[in-house]
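Please open the model in your viewer and keep the selection panel at hand. The stops below go from the whole chain to single residues, and each says what to select next.

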Amino acid sequence: MSQNQLFPKLPLDSWVETIVDGLEDNLGFLFDFISAGIGGTVDLFSWILTGIPFWALIILFTLLAYRAGKVAIALFTFIGLLLIQNLGYWEHSMETLALVLTAGLISVIIGIPVGIWCAKSESVQKVVTPLLDFMQTMPAFVYLIPAIFFFGLGKVPGVIASVIFAMPPTIRLTNLGIRQVPADLIEASEAFGSTYWQKLTKVQLPIAKTTMMAGINQSIMLALSMVVIASMIGAKGLGADVYRAVTQIKIGEGFEAGLAIVILAILLDRLTQSVGKRKNA
């Protein structure tokens with residue numbers, strides 16, 4: 001014990017390692033199942049995005065941007081994606097997009113139901129809120145350690161770490177959006193004999209949609225930032241290009257890969273924001 005310590009050091013590190021070892025020994029089959037599911041989803045997205053000719057995807061994304069937002073967004077999408085292809089980062093960008101879409105999809109599938117549950121139960125919210133605080137304040141690099149232990153190296157632990165890091169905004173803003181629905185509208189729906197499911201899908205979710213889309217938008221942005229960090233444990237895509245440029249001190253290549261990430265980030269941000277505004281209109 002150090003002279004500066006009043007009490008013996010708690011063996012917190014040993015406790016955590018014991019818990020992790022126990023999970024690995026008893027739930028290894030579950031981790032294998034999760035790994036197969038996530039890996040298959042990433043491979044499916046990657047196969048679709050890299051299998052379609054780049055010019056067709058550029059046209060498709062431009063039309064989606066025009067449909068979801070304004071002409072300026074569509075023009076930015078067209079020019080930005082053409083620049084990515086010109087710089088030679090198209091395939092890696094699509095691999096990054098596949099990782100982000102997988103992490104974002106999982107965050108939405110888990111986050112929205114948990115957010116609804118929190119909105120319906122004060123006790124659940126009191127339990128979940130500290131967990132979300134912990135998930136958002138823990139340094140992102142720390143998530144890579146258990147992800148590597150349970151899932152090895154590659155894209156799967158990168159997605160898992162991204163989901164943990166990116167999910168809290170979806171849960172928080174889903175909870176907030178439903179709680180902000182005016183009470184008189186809830187009372188009116190109940191007076192007309194609406195069931196719980198009808199009240200949720202016809203009243204609460206449509207009104208809370210803008211707030212929920214803001215949470216999904218934030219989750220996607222956080223997933224993109226974490227996917228770049230996950231390149232340190234073998235995740236492919238633009239993050240690997242940035243990491244290689246940093247380790248080899250290639251400033252030009254690092255700038256190009258970083259610019260491709262910025263273009264993807266702005267594109268995803270504007271698209272999700274526009275979808276939320278459009279659905280709310």
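Helices (DSSP runs of H or I, at least four residues) and strands (runs of E, at least two) are numbered from the N terminus. The model is a predicted one, in which local features need pLDDT of at least 70 and side-chain atom pairs count only at pLDDT 80 or more, while totals for chains, interfaces and linings use all residues. Residues are numbered from 1 along each chain as its sequence is written, and side-chain values use heavy atoms, with hydrogens and water left out.

**The whole chain**

Begin with a cartoon view of the protein, which shows twelve helices and zero strands. The C-alpha atoms fill a box of roughly 65 × 65 × 40 Å along the principal axes. Of the 281 residues, 41% count as buried, where buried means under 20% relative accessible area, exposed over 50% and partly exposed in between, with a 1.4 Å probe and protein chains only.

**Annotated spans**

Now colour residues 44–64, 71–90, 96–119, 140–167, 220–239 and 251–268, where UniProt, in an unreviewed entry, places the feature "transmembrane region"; such annotations may be inferred rather than shown by experiment. Residues 44–64 are 90% helix and 0% strand, with end C-alpha atoms 21 Å apart, whereas residues 140–167 are 75% helix and 0% strand, with end C-alpha atoms 13 Å apart.

**The largest pocket**

Select Val16, Val20, Val142, Pro146 and Phe150, which are the closest to the centre of the largest pocket among the 22 residues that line it. A pocket is found on a 1 Å grid over the protein atoms alone, as an open set of points where a 1.4 Å probe fits, with protein on both sides within 12 Å along at least five of seven lines, and lining residues have an atom within 4 Å of a point. The space in this largest pocket is about 700 Å³, a volume being the space filled by probe spheres set on the points. Helices H1 (12–26), H2 (28–51), H6 (122–137), H7 (144–151) and H8 (155–179) each give two or more residues to the lining of the largest pocket.

**The second largest pocket**

Move on to Leu101, Ile220, Leu268, Leu271 and Thr272, which lie nearest the centre of the second largest pocket, itself lined by 20 residues. The volume of the second largest pocket is about 480 Å³, and H2, H3, H5, H10 and helix H12 (251–280) each supply at least two residues of its lining.

**An aromatic pair**

Show the side chains of Phe54 and Trp90. Their ring centres are 6.3 Å apart and their planes are at 70 degrees, so the pair is edge-to-face; rings of Phe, Tyr and Trp (its six-membered ring) pair if their centres lie within 6.5 Å, and planes under 30 degrees apart count as stacked, over 60 as edge-to-face and the rest as tilted. Because Phe54 lies in helix H3 (residues 54–68) and Trp90 in helix H5 (residues 90–120), the pair ties together parts that are 36 residues apart in sequence. Phe54 is partly exposed, with a relative accessible area of 31%, whereas Trp90, at 11%, counts as buried.

**Helices H10 and H11**

Finish by selecting Lys209 in helix H10 (residues 196–229), which counts as partly exposed at 30% relative accessibility. Then select helix H11 (residues 238–247), in which Leu238, Gly239, Asp241 and Ala245 are buried. Seen down the axis of H11, these buried residues fall within an arc of 160 degrees, so they line one face of the helix, the arc being that of the directions from the helix axis to the C-beta atoms.
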